[in-house]
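Please look over the sequence and the structure shown here. The paragraphs that follow lead through some of the contacts between aromatic residues and their surroundings.

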Amino acid sequence: MRIGILTYHRSLNYGAVMQAAALSEQLKKRFPEAEVEIIDYSSKKMDRYYKMITVYRGKESAPHILKRIAMYRAFQKGLRQLPLSQKRLSTDSCETFDRWLEDYDILITGSDAVWNYKKRGIPNPYFLSADTGAVRFSYAASCNGLGIGSYGDISQQESAYLKKSFSGFRYIGVRDEQTERLVKTVLPSAEVHHNCDPSILLGDLSGADRTALIEKLRKKYGFDPKKPTIAFMMSNLNGAFRRDLALKIKEKYGSKYQSVSLYSYNKYADIPYLCDLTPQEWSIVFGLFDLTISKYFHGTMFSLLNHTPVIAVSAESTIENLPDKVSDALGRMDLSDLYFEAGADKPLDWDKLMQKIDECLSVPMTERIASGLEKERVTGETFFDEIKAVIDAGRQS
């Protein structure tokens, strides 16, 4: 039985790599007799985009660009640890992809924003629209960032394509309420399941061995593992917020905490940029922190997986007032108080944020975090039950 996973494993996004690793590892663990691999496909258009964004996010100076290049290389190193298919394809043509796709018994699309068709166009491979003979699944698929005002904005052509695609799935699993609404809008009869993000399937990362990582950070960045630490996971797209946040924390706590910046440069942090972490190192670095403040979904999830308190500050766009992906996940885990909206039309309440930072640094949260993760983790079970049913049927045929 061959299982192929189609996802965004080649994006310059730590969470995208690690969620792909998590789903493939979980399938291998549960179905050791199956051959599980990540289909090594990427969009040529998006490959160019990731290289451009590498330079853009280091635009503040030439040394920063070099650090972004170091990050790019760390990602390439991390990719070698994934169970990739032997063949690789980079194309924007669905027809080319369909001809290239090898024989799989089961095809899975997801997680991440694989159904944001505004970014990659329609048709695109992530909707598994080709009739290959494989049983089609989605796991925690998302349309996050779709960029439409409402589901009434979907054109007739888009609706027809999406309806045909979703009709071909044996199992439709989505990550968030926005995506469930998308599926139900074009195919009201669809049975849609909520799945936890694959990263949550990794389980408790708080006890991971960080010896080598600590030594690397100590030698290269002057990181002090004995000093309490607050981490920022922002980007230069956050503008003045990342500066104001670092300065307010320094003003409130003085030198009690060292601050570090992940994913992008922040000159206001004590350690402005941990630039050369592989995705695997990044996944456990949160266990070295006392608090993370993140604009990113997976920065939030991996902090929780390391049992590190996290405050999510999001400016994600929403559709028809549905929760964005971060708010959606934290709400399901009964951790909504850790979410702060900071959109252009809703100024951030700094007093409330600083109070929450103080609370996270002073009140133990391990039990709350563990309980929330377990509540969300069980939502993946219907997917694995259905995969098992297909594999069992294959044995009998």
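**Charges, rings and a helix**

Arg-175 lies over the face of Phe-297, 4.3 Å from the ring centre. A charge is said to sit over a ring if NZ of Lys or CZ of Arg is within 6 Å of the ring centre and within 35 degrees of the ring normal. Arg-120 likewise has its charged end over the ring of Tyr-8, at 3.8 Å from the centre.

The model is predicted: local features need pLDDT of at least 70, side-chain atom pairs count only at pLDDT 80 or more, and totals for chains, interfaces and linings use all residues. Residues are numbered from 1 along each chain as its sequence is written, and side-chain values use heavy atoms, with hydrogens and water left out.

Aromatic rings also meet one another. Rings of Phe, Tyr and Trp (its six-membered ring) pair if their centres lie within 6.5 Å, and planes under 30 degrees apart count as stacked, over 60 as edge-to-face and the rest as tilted. By this rule there are 24 aromatic pairs. The rings of Tyr-14 and Tyr-263 have centres 5.9 Å apart and planes at 65°, so this pair is edge-to-face. Because Tyr-14 lies in helix H1 and Tyr-263 in the loop between strands S9 (258-262) and S10 (271-274), the pair ties together parts 249 residues apart in sequence. Helices (H or I, at least four residues) and strands (E, at least two) are DSSP runs, numbered from the N terminus.

Tyr-14 is buried, with a relative accessible area of 2%; buried means under 20% relative accessible area, exposed over 50%, and partly exposed in between (1.4 Å probe, protein chains only). Of the 17 residues of H1, 13 are buried, so the helix is largely enclosed by the rest of the structure.
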